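Visitor: I would like to go through this structure with you, question by question. Shall we start once it is on the screen?

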Amino acid sequence: MWTGGRPLGRAVSVTAGFWFKKMSSSAEAQKPLIAVCQMTSTSDKEKNFNTCSRLIREAAARHACMVFLPEACDYIGSSTEETLGLAETLQGDLIQRYSGLARDCGVWLSLGGFHEKGSDWDNDRRISNSHVILDAAGHVISVYRKTHLFDVELQSGVALKESAFTVPGAEIVPPVSTPGGKVGLAVCYDLRFPEMSLALSSEGAEILTYPSAFTVTTGLAHWEVLLRARAIENQCYVVAAAQTGAHNQRRTSFGHAMVVDPWGVVIAQCTDGTGICYAEIDLLYLQRVRREMPVRSHRRPDLYSSITQKTPAE
């Protein structure tokens, strides 16, 4: 983990329970290393890309197999008009540059939230908040378009209406097989909906990823507890790249990018500023957690599946 902007080395999975034995050296050697990034995006797309490029190259030099970037790693606009004006398609210049970077570095990339021009852009000028996965050859392997949009007005003064310019995604996409494990894709506000994480883990996800730009108000109250809850209830690793600091005069993000293991232990975390935290993904440990506490086989969907399909009464 790192503090003060400087990496302090790998954050190795903590065994956080007295009944987990240390793995053998041969098993240790098989644990893939992932890198989880934290940054402060602005409306300057070139500056943001240069920051991401530096972080990705640093992670590749540490032999990370996959690098996770936060929501809005491409940019954060200061107005709706600027946000829309900077959007691109997935065939545009920026994705092509990231594809080249993945090839050059030989790493998989999670672009945690890309402002993608919507399918009916010419008519409605709306975008998708798209989580894009690139493999080490630079190919787009999967795209998840954020389904839960952040329309919130809090007494603290936080007010965001994502649906004003964003098209909600129509589906959850299947987990992606990566060198780090099977990754279930989500974005930021999706973290608050446990039904989605359960659907992904039921489809085989071993890592749930929540690239985010949490507000300071909601981050202080809920960020870590929600990430740990998703890890514990799904017995998955949870990876959360994050935006941090002031993006413009109107918007500031909480930060605290982190990795949580399947037992709910925070095994890597960033503090302030731009940087990276690292974690090893131990799938044997994950399997042991699931085997020794088999909550999956104890679930009773016959009792509560119908309840989850209901909407709250007006």
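**Cysteines, charges and helices**

Guide: C73 counts as buried, because its relative accessibility is 1%. Please keep in mind throughout that this is a predicted model.

Visitor: How many disulfides does a search of the whole structure find?

Guide: The sulfur of C73 has its closest cysteine sulfur in C52, at 5.1 Å, which is too far for a bond, since a disulfide needs the two sulfur atoms within 2.5 Å. C105 is another buried cysteine, because its relative accessible area is 18%. Over the whole structure, the number of disulfides found is 0.

Visitor: How confident is the predictor on average, in terms of pLDDT?

Guide: Over residues 1-28 the pLDDT stays under 50, although the model has 68 contacts beyond four places in sequence for that stretch. Across the protein, 88% of the residues score at least 70, and the average pLDDT is 89.

Visitor: What percentage of the residues in the protein is buried?

Guide: The secondary structure comes to 10 helices and 18 strands, and among the contacts with a separation of 6 or more, 71% are accounted for by residues 24 or more positions apart. The protein exposes about 14,300 Å², of which carbon and sulfur atoms supply 52%. Of the 314 residues in the protein, the buried share is 54%.

Visitor: Which residue joins its side chain to that of S197 in a polar contact?

Guide: S197 is found in helix α6, which covers residues 194-202, and S197 counts as buried because its relative accessibility is 0%. Its side chain reaches the backbone oxygen of P194 at 2.9 Å. Leaving aside neighbours within four places in sequence, the residues in contact with S197 are L208, Y210, R230, E233 and N234. The side-chain partner in a polar contact, at 3.1 Å, is N234.

Visitor: Is K161, which forms a salt bridge with D151, buried or exposed?

Guide: In the salt bridge between K161 and D151, the closest N and O atoms are 3.7 Å apart. The pair links distant parts of the chain, with D151 in strand β8 (residues 151-153) and K161 in strand β9 (residues 159-161), 10 residues apart. D151 is partly exposed, because its relative accessible area is 36%. With a relative accessibility of 54%, K161 counts as exposed.

Visitor: How many salt bridges does the count come to?

Guide: One of them is formed by D302 with R300, whose closest N and O atoms are 2.7 Å apart; D302 is exposed because its relative accessible area is 55%, whereas R300, at 39%, is partly exposed. Salt bridges that share partners also join E71, K146 and E162 into one network. By the same rule, the count of salt bridges comes to 11.

Visitor: Which residues are in contact with R97, leaving aside its neighbours within four places in sequence?

Guide: R97 has its place in helix α4 and is partly exposed, because its relative accessible area is 28%. R97 and G138 are 41 residues apart in sequence, with a C-alpha to C-alpha separation of 9.3 Å. Leaving aside neighbours within four places, the residues in contact with R97 are E46 and F49.

Visitor: Which residue caps the N-terminal end of α8?

Guide: In helix α8 (residues 283-292), the buried residues include Y285, L286, R288, V289 and R290. The buried residues of α8 pack against α7 (216-234), β13 (237-240) and α9 (295-298). At the N-terminal end of α8, a side-chain oxygen lies 3.2 Å from the backbone nitrogen of L284, and the capping residue that supplies this oxygen is D282.

Technical notes. Residues are numbered from 1 along each chain as its sequence is written. This is a predicted model: local features need pLDDT of at least 70, side-chain atom pairs count only at pLDDT 80 or more; totals for chains, interfaces and linings use all residues. Side-chain values use heavy atoms; hydrogens and water are left out. Helices (H or I, at least four residues) and strands (E, at least two) are DSSP runs, numbered from the N terminus. Buried means under 20% relative accessible area, exposed over 50%, partly exposed in between (1.4 Å probe, protein chains only). A polar contact is a pair of N or O atoms within 3.5 Å; within protein, one must be able to donate a hydrogen and the other to accept it, and residues adjacent in sequence count only if both atoms are side-chain atoms. Contact means heavy atoms within 4.5 Å. A salt bridge is a side-chain nitrogen of Lys or Arg within 4 Å of a carboxyl oxygen of Asp or Glu. Accessible areas come from the Shrake-Rupley method with a 1.4 Å probe; for residues, only the protein chains shown count as cover. pLDDT is the predictor's confidence in each residue, from 0 to 100.
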